[in-house]
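User: Hey, I'm new to this one and have it open on my screen. Can you walk me through it?

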Amino acid sequence: MSSNALLKALHVLETFQQPIESMTVRDISAATGETESSVQRSTYTLERLGYLERADAGNRYVPGRSCLGPVYGFLRNNKLLETATPYLIDLAERVATRTHLSVLDGTEIVYLSRIPSQEERLNLSPLGRRWPAISTSSGRAILAALPEDAREEIIAASQFKKITPKTETDPAAIRAAIDLARQDGYSYQDGEVLPGAASVGSAVVSADGRVHGAVILGGPASAFADLDQRRALGEAVKQATRAIGACNLS
């Protein structure tokens, strides 16, 4: 497979990050901007390699089991995830709230892990799920910890769009939220990415100043409505990220 063909095939796989259960060649063509014949060649190769599978043996595709191999390799060799996991488990148990670990990728945050609280029914982990960094508590916490030039570059490249009715799209208000996160050591958002859900997040920063990612505590907005409780959760997540940052993450 030539490098151009490889890029097209990877582009096809990336379309399945959208909230769609399965896609036809025509759907993929519309999403990628590639011709249907080009997409057909890519899907044929990806299906043969096991990276795509047919949904119900029809003409719709879903990601195949071969996709799990690179994911396993990434997670197995991720020092941040390995180091942070015991702290995430401890945090979730101590404050009875779901914890997430995420990293920054361009203008988005990507979930690496979710630890449910003891009271929460185990559900599907959002591993790999993406949200705009400017709209999330983890993203704002990371941006607050970055140098100003890097932070402003990401904000300038971001799309200020509504995800829910409560999503903040005013750049000045978002910058104010980031400034507050820098002051408090954690960020807070309420209903900006999921209706009825809120979270507090704090950045993982190592001794050399490198920003590795962020940990959040998330749950129903009612769990964060009391200001004292919200501050307590913010302090708890801040303590956890400081402990993770003090470890050897290289």
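Predicted model: local features only at pLDDT ≥ 70, side-chain atom pairs only at ≥ 80, totals over all residues.

User: What sheet does S8 belong to, and in which order do the strands come?

Analyst: S8 is part of an open sheet of six strands, in the order S5-S4-S3-S8-S7-S6. The pairing is antiparallel.

User: Which strands stand at the edges?

Analyst: S5 (130-132) and S6 do. Each has a single partner strand, so one side of each is left without a neighbour in the sheet.

User: And how much are neighbouring strands turned against each other?

Analyst: By 30° on average, with direction ignored.

User: Back to S8. How many bridges join S3 to S8?

Analyst: Five bridges, and the two strands run antiparallel. S3 covers residues 98-105.

User: What sits between S7 and S8 in their hairpin?

Analyst: Five residues separate the strands, and Gly209 in this hairpin takes a positive phi near 90°.

User: Which residues of S6 are on the covered face and which on the uncovered one?

Analyst: S6 is residues 187-190. Ser187 and Gln189 make up the covered face, while Tyr188 and Asp190 are on the uncovered one.

User: You mentioned positive phi for glycines. Which residue other than glycine has a positive phi?

Analyst: Ala96 is one, with phi near 55°. You'll find Ala96 in the loop between helix H5 (79-95) and S3. Ala96 counts as partly exposed because its relative accessibility is 38%.

User: Switching to helices. How are two packed helices described?

Analyst: By the angle between their axes and the distance between the axes.

User: Then what are those values for H6 and H8?

Analyst: The axes of H6 (residues 137-145) and H8 come within 8 Å and cross at roughly 70°. That makes H6 roughly perpendicular to H8.

User: Which residues meet there?

Analyst: From H6 you have Arg140, Leu143 and Ala144, and they meet Ile174, Ala177, Ile178, Ala181 and Arg182 of H8. By class, that contact has six nonpolar, no polar and two charged residues.

User: And how do H7 and H8 pack?

Analyst: H7 (residues 148-157) packs against H8 (residues 171-184) at an angle of about 150°, and the axes are 12 Å apart. H7 passes H8 in a right-handed crossing. Arg151, Glu152 and Ile155 of H7 make the contact with Arg175, Ile178 and Arg182 of H8. By class, this contact has two nonpolar, no polar and four charged residues.

User: Last topic, Ile28. Is it buried or exposed?

Analyst: Ile28 counts as buried, since its relative accessibility is 0%. Ile28 is in helix H2, residues 25-32. Not counting residues up to four places away in sequence, Ile28 touches Val12, Thr15, Phe16, Met23, Val39 and Thr43.

User: How far apart are Ile28 and Tyr61?

Analyst: They are 33 residues apart in sequence and 9.4 Å apart in space, C-alpha to C-alpha.

User: And where does Ala243 lie?

Analyst: Ala243 is in helix H9, residues 227-245. Ala243 is partly exposed, with a relative accessible area of 25%. From Ala243 to Gly64 the C-alpha distance is 38 Å, with the two 179 residues apart in sequence.

Note on methods
Residues numbered from 1 in each chain as written. Heavy atoms only, no water. Axes fitted to C-alpha atoms, helices over the stretch in contact; angles between N-to-C directions. Helix = DSSP H or I, 4+ residues; strand = E, 2+ residues; numbered from the N terminus. Left-handed = near helix turned anticlockwise from the far one by under 90°. Contact = heavy atoms within 4.5 Å. Nonpolar A, V, L, I, M, F, W, Y, C, P; charged D, E, K, R; others polar. Parallel < 35°, antiparallel > 145°, perpendicular 65-115°, else oblique. Pairing = 2+ DSSP bridges. Buried < 20%, exposed > 50% of the residue type's maximum accessible area, 1.4 Å probe, protein only.
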